Amino acid sequence: MIEYESPVYKVIAVPVEKVMANDYNPNIVAPPEMQLLELSIWEDGYTMPCVCYYLPEVDKYELVDGYHRYLVLKTSRRIYEREKGLLPVSVIQKDISNRMASTIRHNRARGTHNVELMGHIVSELTKAGMSDQWILKNIGMEKDELLRLKQITGLAELFANKDFSLSDE
């Protein structure tokens, strides 16, 4: 039996140009907190790696967690130069549904979420065949929260690509 080893024990330095954001991260950081993150990385260095999934077909690393740390490296000249354009990355091996769940678990432990994006993720996981129980377990949601997000998503899909106007009455 192979002993499990956490991905953090194999952190690699990846050129930031080979890293790309995912399109499902609902975490939002306000500008003051982004400035604080930049200062924290400047003063303390990168103390946590970003979490990525390697996409061999395009030779890129897709972010699962750490988008804002990645963004700091891309936008702060002083940090980019000091770090020589390299981002510390921990690589995980999971399918897309489990990567989405990982992103949510990482974010929910420390941040806030955009409701519309969370609804989109619930919709995508449902379309991918994930059961409500799977979503509840893997994303750490309560039943009523999942129901609300499904209702929000359902309403959005109901009115998608339709002309809508209020009655004159």
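**Exercise 1. Cysteines**

Determine whether Cys 52 is buried or exposed in this predicted model, and find how many disulfides the whole structure holds.

*Solution.* 
Step 1. The relative accessible area of Cys 52 is 0%, so this residue is buried.
Step 2. Look for the cysteine sulfur closest to that of Cys 52: it belongs to Cys 50, at 6.1 Å.
Step 3. A disulfide requires two cysteine sulfur atoms within 2.5 Å. The 6.1 Å between the sulfurs of Cys 50 and Cys 52 is therefore too far for a bond.
Step 4. Cys 50 is buried as well, at 0% relative accessibility.
Step 5. Searching the whole structure gives zero disulfides.

**Exercise 2. Aromatic pairs**

State how many aromatic pairs the whole structure contains, and classify the pair formed by Tyr 54 and Tyr 61 as stacked, edge-to-face or tilted.

*Solution.* 
Step 1. The search returns two aromatic pairs.
Step 2. In the pair of Tyr 54 and Tyr 61, the ring centres are 4.8 Å apart and the planes meet at 50°. Planes under 30 degrees apart would count as stacked and those over 60 as edge-to-face, so this pair is tilted.
Step 3. Tyr 54 is partly exposed, with 25% relative accessibility, whereas Tyr 61 has 13% and is buried.
Step 4. Tyr 67 and Tyr 70 also pair, with ring centres 5.9 Å apart and planes at 50°, so they too are tilted.

**Exercise 3. Two tyrosines in helix H2**

Work out what separates Tyr 67 and Tyr 70 along helix H2, and decide for Tyr 70 whether the residue is buried or exposed.

*Solution.* 
Step 1. Helix H2 covers residues 67-75, and the two tyrosines are three residues apart in it, which means about one helical turn lies between them.
Step 2. Tyr 67 has a relative accessible area of 28% and is partly exposed.
Step 3. Tyr 70, at 6% relative accessibility, is buried.

**Exercise 4. The buried residues of H2**

List which residues of H2 are buried, and name elements that cover them.

*Solution.* 
Step 1. The buried residues in H2 are His 68, Arg 69, Tyr 70, Val 72 and Leu 73.

**Exercise 5. A charge over a ring**

Identify the ring over which the charged end of Arg 99 sits.

*Solution.* 
Step 1. The ring belongs to Tyr 53.
Step 2. The charged end of Arg 99 is 3.8 Å from the centre of that ring.

How values were computed. Residues are numbered from 1 along each chain as its sequence is written. This is a predicted model: local features need pLDDT of at least 70, side-chain atom pairs count only at pLDDT 80 or more; totals for chains, interfaces and linings use all residues. Side-chain values use heavy atoms; hydrogens and water are left out. Buried means under 20% relative accessible area, exposed over 50%, partly exposed in between (1.4 Å probe, protein chains only). Rings of Phe, Tyr and Trp (its six-membered ring) pair if their centres lie within 6.5 Å; planes under 30 degrees apart count as stacked, over 60 as edge-to-face and the rest as tilted. Helices (H or I, at least four residues) and strands (E, at least two) are DSSP runs, numbered from the N terminus. A charge sits over a ring if NZ of Lys or CZ of Arg is within 6 Å of the ring centre and within 35 degrees of the ring normal. Contact means heavy atoms within 4.5 Å.
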